[in-house]
Amino acid sequence: MSSVWMPCGDYHQSYAEDHGWWQTRFIKFKMLLLLAVIFVIIPQFLSGYVMSVASMVGYTAMGALGVQLLIGYTGLVTLGHAAFIAVGAYTSTLLVLQFPWPQWIMDAGLAYPISVLVAGVFGGIWSVLFGLPSAKVKGFYLILTTMAAQFITVDFILTQYVSRIGGRGQAFSLPPGTIKVGPWVIDSEREVYYLMAVILTLMVIVLANLLRSRVGRAWVAIRDNDIAAETLGINIVWYKLLAFFVAGFFAGVAGGFWVSNTAALSPEHFPWFWSLWLVGVILIGGVGSIHGAIFGSFFMVVIMELLQVGVIPLADYFPKLLMSFASLKEMAFGLAICAFLIYEPNGLAYRWWQAKNYFNLWPFSY
Amino acid sequence: MSSTRIEITKDLTIPKLFVRQCKKFGKNKVAMREKEFGIWRPYTWQDYYDNVKYLSLGMVSLGLKRGDKVAMIGDNRPEGLWAEMAALCAGGIGVWLFQDCMMDEVKYIIDHSDTKIFVGETQEEVDKALAIKDQCPKLEWVLWDDPKGMRNYDQDFLLSLKEVQARGRELDAKEPGLFEKMVEEGDGEDICLLFYTSGTTALPKGALLTHYNMLTMGRNLLDVDPCYETDDFVSYLPFAWIGEQMMSISCGLQVGYTLNFPEEPDTAQENIREIGPHVMFAPPRLYEGMTRSVQVKYIDSTWTKRRVYEFATKIGYKVANLKFEKQPVPWYLKILHWLAYITMQKKLKDHLGMSRLRQCYTGGAAMGPDHFRFFHALGVNLKQIYGQTEIAGISIVHRSGDVKFDTVGTPIPQTEVKITEEGEIISRSPSVFKGYYKNDEATRKTLVDGWLYSGDRGFIDEDGHLVVFDRSKDVMTLSDGRPFSPQYLETRLKFSPFIQEAWVIGDKREYVTAVMCIDYAVVGKWADDKKLNYTSYPELSQKPEVYDLVQKQIEEANKDLPGPAKIRKFVNLYKVFDADDEELTRTSKLRRAFVEKRYKEIVDGLYGDTDVVHMDTTITYEDGREQRIKTDLRIQEIKV
């Protein structure tokens, strides 16, 4: 059965149609409108500040999509996702800065795009490495191995060794003009926003396509009951590692994108808190839904921005507030998670579904 | 959209038309779809043709001769229709049985019709056939199409449809062209269907219908309401009901629209919504069911949604009433109507699967004016149909834009309808049947000089519309000597979502009374909301609160009735009337004479001084088990 609400008179004669994109005219219209908003209205009519916030939402969503895939679709709880983003970010930066690219690639502006792809592959491989224990362990033990990924990668390897490459000390910075895709130099909020929009759209397409294929069904089967999945003939180790690879790939690409946003890089960008944050994003957005990852990112980033806007006028009276904004942020994060777990454990995606149902069932309630 | 009108000549048969349409549409058009495993599997006209051809030849190889009977039973599915068409192509005669027929009905029909081949669907139907095989010496073969549960059946006369088709292929290889020859041999005046009418009084009678009967009836209906080959139709009512034959074969084949078969009978309503048919024909109980579900959902809806619903229905009723009276709709009402359409009606029609509906028909029994108005208020072009099996389906229908909810419309082309001096409705058309099978006496009574005597009382009103009063024997005489139709009262009562069935009594009595059957689901939910405890239907029906609820519904229906016709006393029955207890016909008509005998104590109680009736009866379950019931029923009086 098709998963979307079909109006009367729309039906499917094959499974291909049944799993198709944009099954009704209304959905087609809605999605085209959404694309128009993302690619035309926001970049053309809104301020740089809004775009930078939107880029932050996109970056969070890129990470959250990977976490969603692992936790929400395959049931592998991970608390080390920031490590894979970091691997991607460092891979991309080092490739751009240190790799002896042939001149024609530099001229064509392909160094950065290639480095982002390689970052994805590296992130994926690194993720699979730490996903290997998932063949044997589940639950809390798997959480521990993913946390190990965080500390081994960021706090040990990156901080102690990788960030010293080139003798630059702790932080890398990318000179202006090094980040370009073909002739397109990414040097302003608008360019970063466009890059984010393209990457995020591609990621959503890839993930949504994977989820409606055999691979996606295998993941969901493993999540729901791994033993039953295995009896159905699913090679669960292979599919779990594939989930780790895809999530790691997304993380690596996200890391590659992050570089374009900051033009600088340091291990502090990828604290363990960020891994936790991404899990919080999908809890708030809704576990097991692509919408959820995006809604959650939107909610978290926008709430934090509003918090900042709210705190600034208060700073005159309580000067310490600005100083301890980080802890305020953590408090708000904790509060939001608690509130969602109590009042809406199914997340924002469920609310969205309810809102759609309210109108789909009109004028009745069921 | 295109509609090619097919001329019906005397030598045209259903198989000839079938072959012609298959050649015309071939692989490019979907002939039927069946919902299976979540999707609507299409079968093209070429698939349809191949399946029918080999099935037909297979039946011939099993010894089917021209004029032999093939009985079919099962849910609506492509295989059922293929079997029917295959039998017709081989010159056989199709006999359909209701899916839920009890054993003795099956036995009677199989035996009486001299059936040679029995086509069942699953193990269930095969078991029925096996049980009666010894008592029906003419039955030679039993075929089935669903292998579930059939592994351990090894009788020689059992064959799957696949095996029959394989035999058909062998025969085709041996004698190519045989199928086409068989089809060519047919003549329009040959009998094609033997239709057993359910009969409210006696044993079923087998009506003999010819190809010409069926095709002319379809042609004449299509002349009134054209259909197009791009249309969709959902076939979910039993093929043993003439209405379904008329839509699927008589009209369907001529137009070439796509037939859609639901996944299961239980999912029919949902499947209709998915397909969104362009034309629909169903007995009133289905429309009543829809109205009831809408009313119940409305009660359970939220405040905002209820207000919108109320606004839209109010406007809808206003506009519908103006249309019934053939008055122009003022401009401000048109705007409000548009508003009602976009805020509610469009969506509600979508829920009911009526979004694409051009016209829909109801027939087979009387439909209450309230239900009728309800659908018109929604903007659904619902029309009444009147006819009998004996006239191949229908003779009278409403015309679009000329619908009156208390009439059944005007005759279709080539059809004459008259009222005899006694007030009986008689009709004549090319579709009038040939007679009853092995029952000359009944034929003589029903067919006089080519006129079909319906046994219904009615009159023709000033606009030339036929008004059907009731079955002649059911018309009541009130205390003041006025004739009155109990069916009219019952349909009014059934407009309440809480009432599933009603039986109104009062012929030549001092006052009118009613036996009510509550709707278990709806009243049950109502009781849950009121925190009333109950464990079963009998208990729930006897609750004083439920009696008061039912009384309110009756008072509502009593409102616009003349004094003597008002219901004075009623009783809640401990069960719902059921066809398995022979209280209803298979098409859900109340068998008055039977219930009057069966519930004699209740009738006596209603017209006596007592206020409690002691009941001691047995009820029959669908699997044939019986249970004895002892209970007390309370009689409640209504002040009028």
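This short report walks through the overall build of chain A and then a sheet in chain B, as seen in a predicted model.

## Chain A as a whole

Chain A contains 16 helices and 4 strands. Along the principal axes, its C-alpha atoms fill a box of roughly 65 × 55 × 45 Å.

How does the radius of gyration of chain A fit what a compact globule would have? For 366 residues, a compact globule would have a value near 21 Å, and chain A has 21 Å, so the two agree.

## Inside chain A

Now for the interior. Of the 366 residues in chain A, 38% are buried.

## A sheet in chain B

Next, have a look at chain B. Here 4 strands form an open sheet, and reading across it gives the order β2-β1-β11-β10, with mixed pairing. Which strands sit at the edges? They are β2 (39-44) and β10 (232-234) of chain B, each of which pairs on one side only. From one strand to the next, the twist averages 25 degrees.

## Zooming in on one strand pair

Let's follow β10 of chain B to its partner. The partner is β11 of chain B, made of residues 258-261, and the two strands pair in the parallel sense over 3 bridges. To find this pairing in the structure, look for B:Phe233, which stands opposite B:Leu259 in β11 of chain B.

Definitions and conventions:
Residues are numbered from 1 along each chain as its sequence is written. Chains are lettered from A and ligands numbered from 1 in the order in which they are written. This is a predicted model: local features need pLDDT of at least 70, side-chain atom pairs count only at pLDDT 80 or more; totals for chains, interfaces and linings use all residues. The radius of gyration is taken over C-alpha atoms; the globule rule is 2.2 Å times the number of residues to the power 0.38. A residue is buried if 20 or more other C-beta atoms lie within 10 Å of its own, exposed if 12 or fewer, and partly exposed in between; C-beta atoms are placed from the backbone. Two strands pair if DSSP finds at least two bridges between them. Axes are lines fitted to C-alpha atoms, for helices over the stretch in contact, and angles run from 0 to 180 degrees between N-to-C directions.
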